[in-house]
Every structure is written in C-alpha cells, then in structure tokens.
Amino acid sequence: MIDEIIADTEERMQKSVASLEDAFKKIRTGRAHPSILDSVMVSYYGSETPLNQLANVNVEESRSLIISPWEKNQIGEIEKAILKSDLGLNPSNNGDTIRVPMPPLTEETRRQYTKQAKNEVENARVAIRNIRRDANTDFKDLEKEKKISEDDQRRSEDQVQKLTDKYIAAIESTYQVKEADLLSF
C-alpha cells in the first residue's frame with residue numbers, strides 16, 4: 001500500500017518535470033531547433049494537425065529552419081499557421097520548401113523569455129508540492145484507519161520528502177540550463 005503511493009507519487013513528479021521540459025521547448029532561444037514548431041497546428045483537410053505530422057523540419061545553419069512539406073499544396077497553410085502561432089517567426093517559401101529564419105533575440109526579449117521560464121519553473125514547483133501533499137494526506141488517512149503505524153507514516157512522509165527534494169533539484173537544474181541558453185549571445 002505504502003509502496004504503491006510512493007511509486008504513484010514518483011511517477012507524477014516525473015511527469016511534472018517532463019511537462020516543464022516540454023514548456024521550455026516552446027520558449028525559443030536564439031538558435032534554431034525543430035521543437036520550436038511543435039505547438040504549431042496546421043489546417044489539413046478541415047482538421048488541425050501538428051506541423052511535424054505534415055512535413056520534415058530541419059535545422060539549416062544555426063539560425064534557420066527548413067520545412068519540407070510532404071504535400072506541396074500544403075505550403076500556404078503551413079506558412080499561415082506559423083504566422084498565426086505567436087512565435088514571432090516570419091516564414092518565406094520558394095515553392096518547394098519553407099525557410100524560417102530565427103530573428104536574433106534582443107536583450108528585452110531575452111529577459112521576457114527568462115521571466116516566462118521562471119513562471120514555468122514556479123508552476124512545476126507548485127505541482128511537485130501538491131503531489132507531496134496528496135501523498136502525505138494518503139499516509140495520514142491510512143494511519144487514521146489503523147492500516148499503517150505512526151512510525152510507518154513518518155517513514156513514508158520522509159521518503160516522499162526525499163523524492164520532493166530530488167525533483168525540485170531536477171527542476172532547478174533544468175531551469176539553469178535553459179536560463180544559460182537564453183542569456184548566451
């Protein structure tokens with residue numbers, strides 16, 4: 001019973017860290033990376049489809065992306081979707097491919113992206129603490145129902161606290177890497 005709660009707690013904490021990493025992929029840095037376009041949805045025969053399911057997205061040099069649609073008639077739709085995406089990108093096409101140059105980041109946009117990253121980190125920390133609270137509540141309930149002893153409850157809460165510390169540290173190190181990437185010129 002205790003092991004199940006701890007395993008569930010760790011799995012949920014891992015998902016929180018993975019969610020933070022996904023959020024960081026959407027915060028662009030000065031370098032081109034195909035994951036920047038992961039959130040772009042293209043109208044494809046009436047339904048919204050992720051761009052990476054309609055085309056190859058590759059890095060050309062370090063400051064631009066090349067998008068090669070599998071169906072050439074989708075170039076216009078892909079271009080519109082990128083423009084509407086609020087990523088601040090300005091695509092251009094040559095009939096076969098779409099080139100997406102990455103505009104250089106200004107000091108102001110770097111600070112803005114760093115602030116956005118800090119907000120994502122705080123959300124992840126809150127999620128981890130909520131998961132810890134849920135697990136501790138489960139342990140207290142088990143102890144009240146006399147299914148575990150008070151010592152087992154304390155030991156279990158200590159285990160969950162160690163997991164919490166481990167995943168908060170993972171969040172911090174992930175943020176430091178992203179911050180360094182954002183602030184590097």
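Let's begin at one residue: Tyr44 has a relative accessibility of 22%, so it counts as partly exposed (buried means under 20% relative accessible area, exposed over 50%, and partly exposed in between, using a 1.4 Å probe and protein chains only). Tyr45 has a relative accessible area of 60%, so this residue is exposed.

Before we go on, a word about the model. It is predicted, so local features need pLDDT of at least 70 and side-chain atom pairs count only at pLDDT 80 or more, while totals for chains, interfaces and linings use all residues. Residues are numbered from 1 along each chain as its sequence is written, and side-chain values use heavy atoms, leaving out hydrogens and water.

Back to our two tyrosines. Rings of Phe, Tyr and Trp (its six-membered ring) pair if their centres lie within 6.5 Å; planes under 30 degrees apart count as stacked, over 60 as edge-to-face and the rest as tilted. By this rule there is one aromatic pair. Tyr44 and Tyr45 form an edge-to-face pair, with 4.7 Å from centre to centre and 70° between the planes.

Now step back. The chain is divided into domain 1 (1–27 + 106–184) and domain 2 (34–101), with bounds from an automatic or database domain assignment. Taken over C-alpha atoms, the centres of domain 1 and domain 2 are 34 Å apart.

Next, follow helix α3, residues 107–144. Helices here are DSSP runs (H or I, at least four residues), as are strands (E, at least two), numbered from the N terminus. The 38 residues of α3 should span 56 Å at 1.5 Å a residue, and its end C-alpha atoms are 55 Å apart, which agrees; the expected span is 1.5 Å times one less than the number of residues. After α3 comes Lys146, whose phi is positive, near 65°.

What lies inside? A nonpolar core is a set of buried Ala, Val, Leu, Ile, Met, Phe, Trp, Tyr and Cys residues joined through side-chain atoms within 4.5 Å. The largest nonpolar core has 25 residues, of which Phe24, Phe139 and Ile171 touch the most other members. Two or more residues each come from α1 (2–26), α3 and α4 (150–183), and α3 gives the most, with nine residues. Apart from this core lies another, of 20 residues, including Ala32, Val42, Ile78 and Ala81.

Finally, look at Ile171 up close. Not counting residues up to four places away in sequence, Ile171 touches Val17, Leu20, Val121, Ala124, Arg125 and Ile128, where contact means heavy atoms within 4.5 Å.
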